[in-house]
Amino acid sequence: MLDKTKNDWKSLAAGLKIEGRAFINGRYQGALAGGTRATVNPANGQQLTDVANCGVEDADRAVQVARATFASGIWASMSPADRKTVLIRWAELIEDNADEIALLECLDVGKPIADTAGVDVPSAIRTIRWSGEAIDKAYDQIAPTPRDCLALIQRLPLGVVAAIVPWNFPLSTTAWKLAPSLATGNSVILKPASNTPLSALRIAGLASDAGLPDGVLQVLPGSGGSLGRHLALHDDIDGLTFTGSTEVGKQLMQYSGASNLKRTFLELGGKSPNIVFADSNLEKAAMFAAIAVFYNGGQTCTAGTRLIVEESIREKFVEMVVAQSRKWMPGDPLDPSTAMGPMIDAAQLKTVADYVEIGQQEGASLMAGGKQVMEESGGSYYEPTILDDVNNNMRVAQEEIFGPVMSVIGFKDAEEAVAIANDSIYGLAGAVWSNNINTAHRVAAAVRVGTMGINNYFGGDMTVPFGGFKQSGNGRDKSMHAFDDYTELKTTWIEFDA
Ligand code: NAP
């Protein structure tokens, strides 16, 4: 798939059949009230298709179906080895249709095709395959009781789980939620982001083709404020898993408290520190400083948006990062050589441009970028942008911008670097660059984040948990730790006649 040219992808796109209906009880169907909503290609602002606009009545129907399916035991009581077979078959079917799904994701999100084909689709396949492979190796426990007792500690599925995901990594976050929730035997209702529902809808049909029983998985496109809120407040949903903004995450906790205390796990925003010491490999650090913030146009929860750099090398290092930033000039997402696509929509572009303005008013110096480009395309493209002379109290250092904007902050010693890194409401990710093993470990240990890189950024894979400290959330996606979010622990205490 990676050897295709821009023209190859364009002609594939022209012949693409796009499914926009909801997926309930094993079949595609329109919203009960008949409403639809346009989904738009961020690269040119043109409509891709109409998508079902599901409302509360669709949510209630999906919950009924999911509850009945869970109660039937057709999936929840299936042996883990048989669930594994279905999940692995599902991963294979996604692999068989990889080009089409990569294209859908590219058109729907505006992500470069090189990323959707090279990262998002392979990562979704690996996530589903890995969770399937793991589920029949996940042993339960027997407690160390007296000899006339036996105490079983078992993991049981929560029941009906709702998953709500964002627009920046629609396929990956969908896979991160569906793979462990389905592997552990739950029935699931997924609500994709309003503007990026297409890849989730497509892979739902493939799950059925792989043998997932009807009613185990429903995908409902619709608005967060009505459909999403209704799911989060629903008394017959046992668990809620969410990836999105901290603001909405806080509301979801309140909805849980206001309804049935459904287990609620959140993966939220970030303002991640990328700390560079003078004794690091500066070429490599500069290349990754750019990757850390410009990948996916900075619309990445773990983006390394605060470049915290030792004062003695600051000027030289910023020049090196400015040179790297030129490789990230935006382009047509269907061109395999494009590294960065458009912002998701015009509103996001305005947010980004406003922050760049605010940063300069607060005293930051614009070193690169700062402009909208490619306006004639109809898409919302913005240059990779670097703000120097940032102080950690400024809004551009504290607030998540969610665009290709780096804020550079200087430090004098390791203690100051750590203090700056930790001076944030967020705690999702970070990195430290140093060739001194003591400095690197000391700083990595002291920074309060869920994932910390030493001499790398965006390191990690399916074998390690992913999630945040502080207001970056409480759940963990990926690895066998993700199973914890979708299961209850049950003790059975058995006594024998001596
Ligand atoms: P968002 O506005 O919080 O939306 C996320 C999802 O929640 C969407 O499906 C949205 O529906 C829905 N939603 C909105 N309001 C809701 C409500 N009141 N009740 C229930 N659902 C509601 O986030 P976003 O702008 O799509 O995504 C960007 C954010 O996600 C950033 O903050 C980013 O850091 C975070 N993120 C975190 C991770 C992580 O793993 N930590 C990964 C990726 C992204 P609509 O689409 O209809 O609004």
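Colleague: What should I know before I start?
Modeller: The model is predicted: local features need pLDDT of at least 70, side-chain atom pairs count only at pLDDT 80 or more, and totals for chains, interfaces and linings use all residues. Residues are numbered from 1 along each chain as its sequence is written, and side-chain values use heavy atoms, with hydrogens and water left out.

Colleague: How far is the side chain of Ser245 from an oxygen atom of the ligand?
Modeller: An N or O atom there is 2.6 Å from that oxygen. A polar side-chain atom of Glu400 also lies 2.6 Å from a ligand oxygen.

Colleague: And how much of the ligand does the protein bury?
Modeller: 87% of the 910 Å² that the ligand exposes taken alone. Areas come from the Shrake-Rupley method with a 1.4 Å probe.

Colleague: New topic. Why is strand S20 largely enclosed?
Modeller: Because 5 of its 5 residues, 429-433, are buried. Buried means under 20% relative accessible area (1.4 Å probe, protein chains only).

Colleague: Which strands pair with S20?
Modeller: S12 runs parallel to S20, joined by 3 bridges. S21 also pairs in the parallel sense, over 4 bridges. Pairing takes at least two DSSP bridges.

Conventions. Polar contact = N/O pair within 3.5 Å; in protein donor to acceptor, adjacent residues only side chain to side chain. Buried < 20%, exposed > 50% of the residue type's maximum accessible area, 1.4 Å probe, protein only. Helix = DSSP H or I, 4+ residues; strand = E, 2+ residues; numbered from the N terminus.
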